[in-house]
Amino acid sequence: MPKEIVSSIDFKDRLVPNFLRSEESQAVIEAEQIALLKLKLFKTTYSQNLPPQKWGIALKKSLRHYPNLEVYDELFSEALKKAWETDFAINQIQQEFNGNLASRSKELFATIFGIVPKEPVSITAKKQLLIFKIQKSDYCLLDEDLLDRNGNSRSSVGFFSIESYKDIKVPVIVLLADYSFQEKIYEHEKQHSQDYFQHSIIFNFNSRGKPQKLKKLSRRFGKEQYLPYGRAENEAKYEILANASLFDLCEKLNVAVEKSEILDELEQDLTDEQGVYYQQYVNRFELGLPEDVLEHDKYKERVSAGINSYLSLAEMYKNIFPGKTNRMAIEVLGQFPLENWPAVVRLISSRR
Ligand SMILES: [Zn+2]
């Protein structure tokens with residue numbers, strides 16, 4: 001285990017002192033700025049349909065507002081490049097189908113998944129994603145997690161994955177057709193896809209010879225992979241964010257929801273030994289690990305503390321980022337490992 005990576009950011013789960021010049025608080029301030037910049041870029045590139053040739057200029061302009069983020073210029077450029085490549089890949093597939101995916105949806109499905117569907121398939125091409133809606137009998141053949149290790153059926157109704165169409169890599173979301181909360185599942189899986197890209201771009205970024213800040217950010221995203229319980233915690237982190245993403249819509253429509261009640265259910269799924277996610281992540285990742293490195297209680301504590309941290313941050317942001325309270329909480333926390341969330345929230349609250 002590379003020790004240096006594990007200890008590269010030393011966020012202690014402790015009360016934050018009043019002085020704020022520490023490296024940790026700098027990282028937190030930057031995380032908020034990165035989140036704001038990301039939202040702004042997303043708005044200009046997608047919502048306002050800016051042609052890709054102008055994305056680089058949009059980035060330069062946005063960076064002028066945050067001079068201390070210029071060090072991350074290369075990372076942002078990489079993210080924009082990746083976004084463009086994904087859009088291009090989806091366009092390429094659409095062109096091969098003469099822009100008419102609907103009429104040959106079964107054929108596309110069969111090429112991608114290697115299974116000829118028995119029932120109707122509907123396909124929608126979106127920015128960054130191909131969405132498949134399929135029937136249960138075909139769905140059962142696709143989702144390998146549909147059965148847990150005891151052979152019991154889980155209630156899977158959608159998933160995100162990176163698939164290949166011939167030699168084109170394409171991100172897909174598969175949804176169970178006829179499921180009444182399909183839109184919710186779509187939002188959930190969409191968050192997973194965004195997190196997947198963010199995580200892989202930063203984690204795979206070659207920071208050799210690059211400024212320390214870039215190295216640290218990259219290591220922060222890779223840290224969990226090296227800890228015995230890290231992978232389950234990492235999955236739990238992304239489930240919390242995916243569930244929280246559903247509250248974006250509520251905020252947009254100004255609908256009050258009891259977030260904590262909804263997240264209580266998620267906490268159960270993640271920490272209860274019979275819970276679907278517990279079975280899926282903890283049980284799977286603990287296979288082969290020696291008993292003495294397993295820290296079930298610590299994992300459970302961190303999940304609970306993580307959910308509480310998200311709730312506090314979303315509450316705290318209500319007056320600071322009106323209209324994007326929830327999104328900001330997700331974007332900021334998403335930049336830190338789950339175990340650091342309580343410290344991150346304390347640092348933010350001590351500044352305000
Ligand atoms: Zn999920």
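## Tyr317 and its surroundings

Tyr317 touches Thr325, Met328 and Ala329, leaving aside residues up to four places away in sequence; a contact here means that two C-beta atoms, placed from the backbone, lie within 7 Å. This is a predicted model, where local features need pLDDT of at least 70, side-chain atom pairs count only at pLDDT 80 or more, and totals for chains, interfaces and linings use all residues. Numbering starts from 1 along each chain as its sequence is written.

Tyr317 sits in the loop between H13 and H14. Helices (H or I, at least four residues) and strands (E, at least two) are DSSP runs, numbered from the N terminus. Why does Tyr317 count as buried? Because 20 other C-beta atoms lie within 10 Å, and the label needs 20 or more around a residue's own C-beta, placed from the backbone (12 or fewer is exposed, in between is partly exposed). Tyr317 and Ile348 are 31 residues apart in sequence, with their C-alpha atoms 9.9 Å apart in space.

## Helix H14

H14 covers residues 325-333, and nine of its nine residues are buried. Among them are Thr325, Asn326, Arg327 and Glu331, along with Met328, Ala329 and Ile330.

What do the buried residues of H14 pack against? The partners are helix H2 (23-47), helix H9 (230-244), helix H10 (246-252), helix H13 (296-316) and helix H15 (341-351).

## Two nonpolar cores

A nonpolar core is a set of buried Ala, Val, Leu, Ile, Met, Phe, Trp, Tyr and Cys residues joined through C-beta atoms within 7 Å. The largest one has 47 residues, and Ala236, Tyr310, Leu313, Ala329, Val332, Leu333 and Val344 touch the most other members. H2 supplies the largest share of this core, with seven residues. Apart from it there's another core of 21 residues, including Ile112, Leu130, Val174 and Leu176.

Four strands make an open sheet in the order E1-E2-E4-E3, with mixed pairing; strands pair if DSSP finds at least two bridges between them. Strand E1 (122-126) and E3 are at the edges with a single partner strand each, so one side of each has no neighbour in the sheet. From one strand to the next, the twist averages 25°. Axes are lines fitted to C-alpha atoms (for helices, over the stretch in contact), and angles run from 0 to 180 degrees between N-to-C directions.

E1 pairs with strand E2 (residues 129-134) in the antiparallel sense over five bridges, and Thr124 stands opposite Ile131 in E2. Strand E3 (residues 158-165) and strand E4 (residues 168-176) also run antiparallel, joined by eight bridges. Phe159 stands opposite Val174 in E4. The E3 and E4 hairpin has two residues between the strands, and Lys166 takes a positive phi near 50° there.

## Helices on the sheet

Helix H4 (residues 73-96) lies across E1, E2, E3 and E4, at about 80° to E4. Helix H7 (residues 182-203) packs on the sheet too, touching E2, E3 and E4, and its direction makes about 150° with that of E4.

## The chain overall

Zooming out, the chain has 15 helices and four strands. Buried residues make up 32% of its 352 residues. Of the contacts with a separation of 6 or more, 62% come from residues 24 or more positions apart.
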